[in-house]
Amino acid sequence: MTSTRSASLFALALLAPALVYILIIVAYPLFDTIVLSFTNAALRPTYDWVGWANYERIFGAGNFTEVIIRTFIWTFFSVALKMIIGMCGAVLLNAAIPGQTLFRVLTMPPWIVPMAIGIFMWGWMYNGQFGMISGLLQNFGLTNGPVAWLAYGHTAFWATIVTDVWIGVPMVTIYFLAAMQSIPKDLYEAAWTDGAGRFYRWRRITLPLMLPAILTMSLLSLIATFNSLDIIWILTQGGPSGSTTTMIIDTYKTAMGSRKYGEGAARAVVICIFVSIFCLVYFRAVRKLSQGEAK
Amino acid sequence: MSQLSLKHLEKSFNEARIIKGIDLEVSHGEFVVFVGPSGCGKSTLLRMIAGLEDVTEGEIAIGGKVVNDLPPVQRGIAMVFQSYALYPHMTVYENIAFPLRVEKLPNAEVEKRVMAAAKVLQLEPRLQHRPGMLSGGQRQRVAIGRAIVRQPEIFLFDEPLSNLDAALRSEMRIELMELHKRLGSTMIYVTHDQVEAMTMADKIVVLDAGTISQIGSPLQLYHKPDNLFVAGFIGSPKMNFIAGTVSSADGTTIAVDMGKLGTITLPRSAKVGAGQAVTVGIRPEHLQLGEGDFTLSITPRIVEHLGIHTVIYSTLPGGENFIGLFEGDPKVSDEAPVTLGFARDQVHLFDGAGQAVY
């Protein structure tokens, strides 16, 4: 009895620093944001309780729904491209090709280069007058004149996605490569002995066995992309004309640009609800997968 | 015509020569066991036959056709891996059906063949389970099932029982032998366990450092080992070796001086010069308590009483370990000297190069 109690006390002592950390860094700000979202807090010393007014305003205004839809489209394409390119990269890096180590090293720069520097570099590449992309397209005669990629709504939308994909792909590739390498080699040898070709082996062995890794990476990438502020902020600040304004940019602009802390908090709470739903779906899917394996 | 023929087969990984010129003929329906210690190249040889390793030099022919450059599926082989290599995300049914799905056979044919294999291997109640829910023996059967449905000319087994416990191993050994009888197919089986080799094989191929030490039936290898390596490898407990020197040889007998143990005269017609170093070999089970053509006195260090057998371990004056195996439960105890004897015709003799002298 005593030993059980001392064991749980010891466990509690070990957990204490992490608990304190989570309470201060995660729980308190979250609680405070929820409280703030029901107030009219702004750049004034005091604020009043306004009930659901902030939520009514943001959902009543019309453009918030548009922002939500844009965020989902932006996130969907960015995550999907990261997963597809990451998977192709992992398959290539896993193949026994000459110079394999060199290629593995070459995957890393987008991850190693400080994010802000990488984004500025892309900003320059997208520049209409001095940018490399516009210059190359003109040299090859693919465009008639300079194209300022960040100056038009639809091109800016895709340009920010491309930059986000560039930054996100190395992590996905390395993660998928690790998952791929943990699949026993003899499964492939057995399949090859039975006459299964490369694509058949990938479809019936690699892909199903990597499903947990794909699910995990998709969720992590989904949350990071959904909350991605720096790429869009540095490249377009949500413009032109709001064409790259995602929910996080919208929240930042409301809270920090317009100093409407209460309304900004309400927008942040909506983001938080969406992310929580993603997590719930993920945990359900993982549970279903592990139940399937146990059968 | 033999079903499988290996000619001057060689395999090198970079500078390392793993298989050093193997010649072997296997007839249809034979159960051939490749046996040898770890690193002798037996698994590499099997993988070369399967088509999982390239051939550096030489020729592999199956059914008279050279298959060096053919992929495994076109060689008419099916392989059972040491780890079973079952697909963890598929049911037992889908695991067994995998090769047939690759072949794109119609569902009705797939079901027919899978059910037939499941019946032979008693896997019917397990068909909808995943490998994670099966015992080691059942997984082994699924792996065999996957090989059976392809109806191959040759089955290749790479140490298939090494992951099972001792009781299950002997059970599966019998199942495999029965399967061989039922199917009548050629089977090539790799193991490091000489008991498996002795009990299952029609023909044993003993490998040592990438070369064939001896090919023969289990009893040939037991009674007439070609060299010291085979003599030491086949048989459990292993053969006792005593170093000696030829004191005289007259064309019909050879007298070997074994130092403090005395001189033994063996009936041998081989020409061996006096003074040559030789090794005398005697199997532990050929020793008797107190009688025989030749006797020696030893003091057991350890005595093992197994009921059916008694095993004694001792050290000879020359420092060699010496083991005796006796039926039943004779009166021997450790640290109490005993006299052991053996018959002259049970003794093996090997020359300085380790080759048997007859």
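Me: Two strands are paired when DSSP finds at least two bridges between them; strands (E, at least two residues) and helices (H or I, at least four residues) are DSSP runs, numbered from the N terminus. In the hairpin of E9(B) and E10(B), which residue takes a positive phi?

Reply: This is a predicted model, in which local features need pLDDT of at least 70 and side-chain atom pairs count only at pLDDT 80 or more, while totals for chains, interfaces and linings use all residues. Residues are numbered from 1 along each chain as its sequence is written, and chains are lettered from A and ligands numbered from 1 in the order in which they are written. E9(B) and strand E10 (residues 211–216) of chain B pair in the antiparallel sense over 5 bridges. The hairpin has 2 residues between these strands, and the residue with a positive phi, near 50°, is B:Ala209.

Me: Which residue of E9(B) stands opposite B:Val35?

Reply: Strand E9 covers residues 203–208 of chain B, and 5 of its 6 residues are buried (20 or more other C-beta atoms within 10 Å of a residue's own; exposed means 12 or fewer, partly exposed lies in between, and C-beta atoms are placed from the backbone). Besides its antiparallel link to E10(B), E9(B) is joined by 4 bridges to strand E3 (residues 31–35) of chain B, and these two run parallel. In that pairing, the residue of E9(B) opposite B:Val35 is B:Val206.

Me: Why is helix H1 of chain B described as largely enclosed by the rest of the structure?

Reply: The buried residues of H1(B) include B:Leu45, B:Leu46, B:Met48 and B:Ile49, together with B:Lys42 and B:Arg47. The helix is followed by B:Gly51, whose phi is positive, near 95°. H1(B) spans residues 42–50 and is largely enclosed because its buried residues number 8 of the 9.

Me: How far apart are the C-alpha centres of domain 1 and domain 2 of chain B?

Reply: The bounds, from an automatic or database domain assignment, are 4–232 for domain 1 and 237–350 for domain 2. The C-alpha trace of the chain spans about 75 × 45 × 35 Å along its principal axes. The distance between the two domain centres is 38 Å.

Me: Which element gives the largest share of the side of chain A that touches chain B?

Reply: The contact (C-beta atoms, placed from the backbone, within 7 Å) takes 17 residues from chain A and 18 residues from chain B. On the side of chain A, helices H9 (185–193), H10 (198–226) and H13 (261–294) each give two or more residues. By class, that side has 10 nonpolar residues (Ala, Val, Leu, Ile, Met, Phe, Trp, Tyr, Cys and Pro), 5 charged (Asp, Glu, Lys and Arg) and 2 polar (the others, Gly among them). The largest share, 6 residues, comes from H9(A).

Me: Is A:Asp230 counted as buried, exposed or partly exposed?

Reply: A:Asp230 lies in helix H11 (residues 230–235) of chain A. Not counting residues up to four places away in sequence, A:Asp230 touches A:Met115, A:Ala116 and A:Ile119. Because A:Asp230 has 14 C-beta neighbours inside 10 Å, this residue counts as partly exposed.

Notes: Contact = placed C-beta atoms within 7 Å.
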